[in-house]
Amino acid sequence: MKPPPFRYHTPRSLPEALDVLRESPGEARVLAGGQSLVPLLNLRLAYPEVLVDLNQVEGLSYIHDNGARLCIGAMTRQREAEFSELLAARCPLVVEALVQLGHPAIRNRGTIGGSLAHADPVAELPCVMTALDAEFVVAGPGGDRVVGAGDFFLGPYETALSSGEILLEVRVPLAPAPPPASFVEFSRRHGDFALAEAAVVLEGGESCTGARVVAAGPAWTPSRLEAVERLVAESGVGRTDQGSQRELVEAVGRTAEGAVAALETHADATPYQQRLAAVLVTRAVAQALERWSRN
């Protein structure tokens, strides 16, 4: 199939790209890697009158550590991030999610920012960035602003980006050492869209003092499960206390079902998908605890 007609712009700088968006309010779409937008165009599910291709804009592809945060440029290719030694050392959870994202051919072109801005409810990166409590730097006509991951994803394929704005950078808060964490998903075949997924980040030293637990799939957006987070935080489980960890995982399994069921689910969500999400949350907590015990 062929896409609908559109005007195509290849700006060379960020100000030029913002100018094009400002001149076409509500009519323009931004093209990054194109792995989601181009199929939508070909299937006539998206009808932008203007397409703004960011691939010629310099300075939007990078990964660097500024001490307090790991900064990832929005146009950084997923494959580049997957093999980044800095990312593997400082934020391995992102790499763990990336290797489960589609196939290598997709990751060769797909970008970090493009996946986040697309906001597919079962995409790997929105789930992980929510668990990591990341921040997103957004450029617009009024200058730059910072949006937390918890406020960025508003619904299926809907974000806090307003007309005329571009996602510039992802910032992941850094600890002296990467915290114990896990990401798990389930799909019918490797590379298919996930049916459900879960990401967990534990907090604490010799005893667990908190957690960020996120489920995705049956809900409109990646959703933190506060009931599970409280359970983990209040357990005070020790790093080497295997018995208490097993008891905690069993309690998480019981709590996760109710927590997922309480989410505002989308119309296509099924009881199976909800059950699957709860199981994946339990597995992710168990895996994060196991990794914590080994360190």
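This is a predicted model: local features need pLDDT of at least 70, side-chain atom pairs count only at pLDDT 80 or more; totals for chains, interfaces and linings use all residues.
## What a pocket is

A pocket, as the word is used here, is an open set of grid points with protein on both sides within 12 Å along at least five of seven lines, and its lining residues have an atom within 4 Å of a point.

Let's begin with the second largest pocket, which has a volume of about 620 Å³. Its lining is made up of 26 residues, and those nearest the centre are Ala 177, Pro 178, Pro 179, Pro 180 and Ala 181. Two or more lining residues come from each of helix 5 (92–98), strand 10 (166–173), strand 12 (196–204) and helix 12. Strand 12 gives the largest share, with four residues.

What is the lining like by class? Of its residues, 16 are nonpolar, three are polar and seven are charged.

## Helix 11 against helix 12

Helix 11 passes helix 12 in a right-handed crossing.

On the side of helix 11, the contact includes Leu 248, Val 252, Gly 253 and Ala 256, while helix 12 brings residues including Ala 278, Val 281, Val 285 and Trp 292. The contact residues of this pair comprise 13 nonpolar, six polar and two charged ones.

## Helix 10 against helix 11

Helix 11 also packs with helix 10 (residues 226–235), here at an angle of about 160 degrees and with the axes 9 Å apart. These helices are therefore roughly antiparallel to each other, and their crossing is right-handed.

Helix 10 makes this contact through Ala 227, Val 228, Leu 231, Val 232 and Ser 235, and helix 11 through Leu 248, Ala 251, Val 252, Thr 255, Ala 256 and Ala 259. Sorted by class, the contact has nine nonpolar residues, two polar ones and no charged ones.

Note on methods:
Residues are numbered from 1 along each chain as its sequence is written. Side-chain values use heavy atoms; hydrogens and water are left out. A crossing is left-handed if the near helix is turned anticlockwise from the far one by less than a right angle, and right-handed if clockwise. Contact means heavy atoms within 4.5 Å. Ala, Val, Leu, Ile, Met, Phe, Trp, Tyr, Cys and Pro count as nonpolar, Asp, Glu, Lys and Arg as charged, and the others, Gly among them, as polar. On a 1 Å grid over the protein atoms alone, a cavity is a set of points where a 1.4 Å probe fits but cannot get out, and a pocket is an open set with protein on both sides within 12 Å along at least five of seven lines; lining residues have an atom within 4 Å of a point. Grid points are joined across faces, edges and corners, and a volume is the space filled by probe spheres set on the points. Axes are lines fitted to C-alpha atoms, for helices over the stretch in contact, and angles run from 0 to 180 degrees between N-to-C directions. Angles under 35 degrees count as roughly parallel, over 145 as roughly antiparallel, 65 to 115 as roughly perpendicular and the rest as oblique.
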